[in-house]
Amino acid sequence: MMTSDNHWEKIAAAKRAALAEAIPNEYRVPEQQVPPESQLDVTSWPKESGWFSPKELEITDSTAAQILEKIASKAWSSEEVTRAFCKRAAAAQQLTNCLSDAFFDEAIESAKALDAHLDRTGDLVGPFHGLPISLKDNFNIKGKDSTVGFTSLVNEPAEYNATLVDILEKLGAVRYCKTNVPTAMMIAESVNNVFGRTVNPLNRKVTSGGSSGGESALIAFGGSPLGVGTDIGGSLRIPAACTGIFTLRPSFGRFTTQRCRSGLAGQEAVASVNGPMAKTLEDITLYSKAIVDAQPWTLDPKMLPIPWREAELGKRLKIAVLWNDGICLPTPPVTRALKETSESLKQAGHEIVEWDPKLHRTALELLGRMFVADGGKSVEGLLAPTSEPYRPEMQQYKEAKELGVQDMWKLHLERSELQRQYLEQWMSYGGLDAILAPTTPYASVPHGDFKYVGYTGVYNVVDYSAVSFPSGVYVEKTKDTLTADLKAQSEYCQGARDSYNPELLHGLPVSLQLIAQRLQEEKVLAMTDVVLKAIKSEAKPNL
């Protein structure tokens, strides 16, 4: 029976109040130092505000690799590192609404224990000894909520840790916060009826992406040196692109997803995967190797027993460029980033060819059918207990019709055939190493305008390894104007054109993605490094 106590609005308000209360007084930004709403880019605020000490800024502006080195040498303690990131994460929450939980006191106690262990034994607990690592909301932590954006899951604490959470603890990581997601983690922006909307710290009028948008906002602000998100249709790569950071979308079987919460529990037609998000490629590689070296296949029967393999690349890579998927034209700065990056690769001696997106429309149609195959019952079942309404972004789940078992089996057959055809096309290029593609058609979009996930979703269907990386290109309002004579290819394409505002997006970073074949995580990371070096060698000084 519905009462006022279990109505969604009352539950959501109480949860938001509890989160605000979880921020200790000493981590609450003084009112006179809060940046005005008119300040859209708040990434410079920590340095400009005077609220952080020079040491806190030094710590929180460091990479994960640098922090680990400092802790190992005892130049920094895990406690002081953890306190600095707790403070900056608290500021990130107050300025961008990026967190879903904060447990800073527990984190500081864990850090103290790690420091004591190092002092007592002289040994590190593991490769992440003392490093604060943020986690997306769906990673179960015993005693903590994993709401995945539903009010019915508020005050329903997990009874166990996700397997990855246990691995991270064993490797010496410090957990200190969880980050915001969209409802069911199935929207490309991080907004839900529990916590509201996460904004982009680079420009608070645009999205930080989704579904790992709380992570991307926190990392871009400097509130986390390394975070873990998930990806079922682009949920790592889209937010990384919106905030100009790095991420790896691994193939299923490398990083364990066991005992995580899902908004579509049991849906396995397209696999959800998790991966790291950070400001440098080095940190992404460091994390990936450590997780694989922990042998997750000894804990999760779905993991593949593939040890970390150092990639051996030829001097000359063969890369196919996906200029346009035939459905949604990239906006001008994304096309410019593709052109400049492919030209840099040519100048560095690599072979550039064009990728034919002939299978992409079919792949995306399959992906859409997979997401709503249950007729939206999973989402409805989580909304109903508190009379929570569907968000407008979730309308397709409200209108979906359930597939029968036979039709679902047919869908699996279509997916498998599409995967076969995509591999066949890849092999037809003869020695192809990677595809270079937009991560999204946009740098970012105004809140509510992220409508197209086609450039990422294709690679979830075929389960390929992919890295999203900042291309070194930034939106330039005078240079990146729309060409009036280009005809929209679809309603998605028209929507992208209608919402494109180079004045608003001016100065935002533009990301691309590099895609390798399935289970080639080591290779795609190594190839991304090659791409970054080519870009750097071709970079022109700003005049």
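I started with M185, which counts as buried at 9% relative accessibility; buried means under 20% relative accessible area, exposed over 50%, and partly exposed in between, with a 1.4 Å probe and protein chains only. Before going on, I noted that this is a predicted model, in which local features need pLDDT of at least 70, side-chain atom pairs count only at pLDDT 80 or more, and totals for chains, interfaces and linings use all residues. Residues are numbered from 1 along each chain as its sequence is written, and side-chain values use heavy atoms, with hydrogens and water left out.

**The recorded site.** I found M185 in the loop between β3 (177-179) and β4 (191-192); helices (H or I, at least four residues) and strands (E, at least two) are DSSP runs, numbered from the N terminus. Beyond residues up to four places away in sequence, M185 touches K136, S211, S235 and R261, among others, where contact means heavy atoms within 4.5 Å.

I then checked the UniProt record: its unreviewed entry lists M185, S211, I232, G233, G234 and S235 under "binding site". They span 51 residues in sequence, yet no two of their C-alpha atoms are more than 10.7 Å apart, so they gather at one spot. I kept in mind that such annotations may be inferred rather than shown by experiment.

S235 came next, in the loop between β8 (227-231) and α9 (237-243). S235 is buried too, with a relative accessible area of 6%, and its contacts outside four places in sequence include K136, M185 and S211.

**The cores.** Which residues touch the most other members of the largest nonpolar core? I got F104, F128 and L168, out of 95 residues; such a core is a set of buried Ala, Val, Leu, Ile, Met, Phe, Trp, Tyr and Cys residues joined through side-chain atoms within 4.5 Å. Helix α5 (residues 78-96) gives the most to this core, with 9 residues. I also noted a second, separate core of 60 residues, including I238 and M408.

Leaving aside neighbours within four places in sequence, L168 is in contact with F128, I133, L135, A173, V228, Y287 and I291.

After α16 comes D463, with a positive phi near 60°.
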